[in-house]
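Hi there,

As promised, I am passing the structure on to you.

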Amino acid sequence: MLERVRGIICYSMYKMSNIKSKITHLIEDKMFETFMFINILGYALFKISYRPLGDIFQSFIVLGFLLFLFCNFKKAIKDKAFICLFLSILLTCLSWINSTFQIPHLAKDSPNIGILADLFFFIFIAYWLKGSIKKVRTLWLFYAIGVFLTALIHSNDILADIMNGIAGQRIDFNYVNANHLGALAGITFLISCYYTFTFKPIKSKIFITLFILIPSLFITIVTQGRQIWLAILITSILTPIVIFIFSKKINVKSLIIILSTLTISAYLAINTNNRLHNENYLIPIILSGDINDIPYSSMGIRIHFWSESIPWIKNNLFLGTGEDTRSFVIQESTNLPQEIKSKFTHLHSGHIELIVSYGLLGVVLFLYIYTLIMYSSTFYKKNNEVLIISTMFILFFVIINCFESFLFFKTGEYMINIIFGGIYTFYLTHNLSMKDNNE
């Protein structure tokens with residue numbers, strides 16, 4: 001009987017080894033890698049422009065990565081971002097458990113583990129990009145096209161929206177709200193500025209300028225997102241400083257040109273955007289420190305929401321109370337008017353929503369991820385290209401999340417996964433190849 005059991009075990013292990021060998025051969029095949037890259041491009045094109053199709057491409061990416069995990073789980077489990085993925089799931093569960101004790105009448109029946117885990121889809125993309133700068137650039141190009149497709153597909157009348165935007169109206173292209181498409185176009189504008197001035201072939205410069213830079217600049221202006229222009233200005237100023245700190249060398253000519261272009265563009269936007277001046281009267285009221293005197297304007301609403309968040313943060317500092325806390329802060333408030341409570345369901349700050357939902361542990365997790373991505377960008381050794389784009393994106397994303405909740409919307413998830421995926425691929429590919437060599 002014992003010999004029979006041993007035989008079954010040995011046979012099962014042989015079959016499993018054989019299956020692993022076949023799957024390994026499949027995922028290392030160039031045709032399969034090309035197929036997965038096509039799915040990544042499909043995800044970039046359609047995830048937000050036409051989600052049903054984008055979800056199909058995303059499913060194939062997940063399936064392909066699961067095949068990799070089946071054969072290489074011991075390698076993957078040691079990856080830093082992969083560990084953070086598991087920690088995000090653990091944190092989601094801990095925050096939910098805390099909510100059942102702290103706010104049992106509001107707590108959900110079960111945790112939504114995908115709310116943070118979905119932000120780590122960039123690992124799947126990074127693996128299939130295989131550390132190729134050509135694939136990364138192509139992905140970011142398709143991201144830009146995906147942004148333009150979003151405006152085109154979601155708009156009820158794209159020509160009317162364009163004309164109304166030229167006339168000075170605020171346009172949202174019927175996608176979530178104007179701030180979201182402005183954020184998507186804002187980072188496209190930043191990256192296209194960099195490539196316009198660093199690519200040497202004149203045809204590349206002309207193509208990027210006409211078909212990416214100008215359309216993304218137009219969308220950024222007509223969506224009239226004040227936080228977007230603030231992010232562009234601060235990013236353009238700080239990026240050269242950060243790059244110098246990291247690399248001790250800098251392409252002064254390119255960065256001066258980029259800085260000048262961004263500053264001029266921002267100046268034009270500021271002087272054609274009345275929304276930037278409409279709430280100047282709030283500044284002395286805010287400085288007075290009396291929250292009750294602040295009117296419920298666009299900026300005023302945000303300040304009231306952030307003020308209401310303070311008690312929640314103090315009461316659940318380390319773990320927060322789960323994903324719906326951003327809504328609870330508003331709905332459970334005794335200070336906010338009913339018309340405001342019935343209209344809004346989030347706090348208009350991704351950072352504040354992170355801390356009320358997942359506490360200081362959530363903040364620490366994302367600070368580590370941002371640091372890891374910056375570190376990962378240094379693994380592209382040819383020049384500072386990836387480091388510069390990494391710096392621009394993280395600065396831009398952190399700033400816009402001060403005033404809007406991109407971190408917990410599909411817009412932010414899409415931005416993070418595509419840009420982070422293109423950055424992290426160099427670090428992930430390097431580590432996996434090192435492990436292969438050691439074995």
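Predicted model: local features only at pLDDT ≥ 70, side-chain atom pairs only at ≥ 80, totals over all residues.

The fold is built from 19 helices, with 0 strands. Of the 439 residues, 51% count as buried. Among contacts between residues at least 6 apart in sequence, 73% link residues at least 24 apart. The accessible surface is about 21,000 Å², and carbon and sulfur atoms account for 66% of that.

If you look along α3, you will find a kink of about 70° centred on Phe70. The buried residues of α3 include Phe65, Phe68, Leu69, Cys71 and Asn72.

Helix α4 (residues 80-102) spans 32 Å between its first and last C-alpha, close to the expected 33 Å for its 23 residues. At its start, a side-chain oxygen of Asp79 comes to within 3.2 Å of the backbone nitrogen of Ala81. Ala81 is itself buried, and other buried residues of α4 include Phe82, Leu85, Leu91 and Asn98.

Finally, His180 sits in helix α9, residues 178-198. His180 counts as buried because its relative accessible area is 1%, under the 20% cut-off. Leaving out residues up to four places away in sequence, His180 touches Tyr175, Glu404, Phe406, Phe409 and Thr411.

Enjoy exploring it!

Best wishes

Definitions and conventions: Residues numbered from 1 in each chain as written. Heavy atoms only, no water. Bend = angle between axes of the 7 residues up to and from the residue. Helix = DSSP H or I, 4+ residues; strand = E, 2+ residues; numbered from the N terminus. Buried < 20%, exposed > 50% of the residue type's maximum accessible area, 1.4 Å probe, protein only. Contact = heavy atoms within 4.5 Å. Expected span 1.5 Å × (residues − 1). Polar contact = N/O pair within 3.5 Å; in protein donor to acceptor, adjacent residues only side chain to side chain. Areas by Shrake-Rupley, 256 points an atom, 1.4 Å probe, with all protein chains shown as cover.
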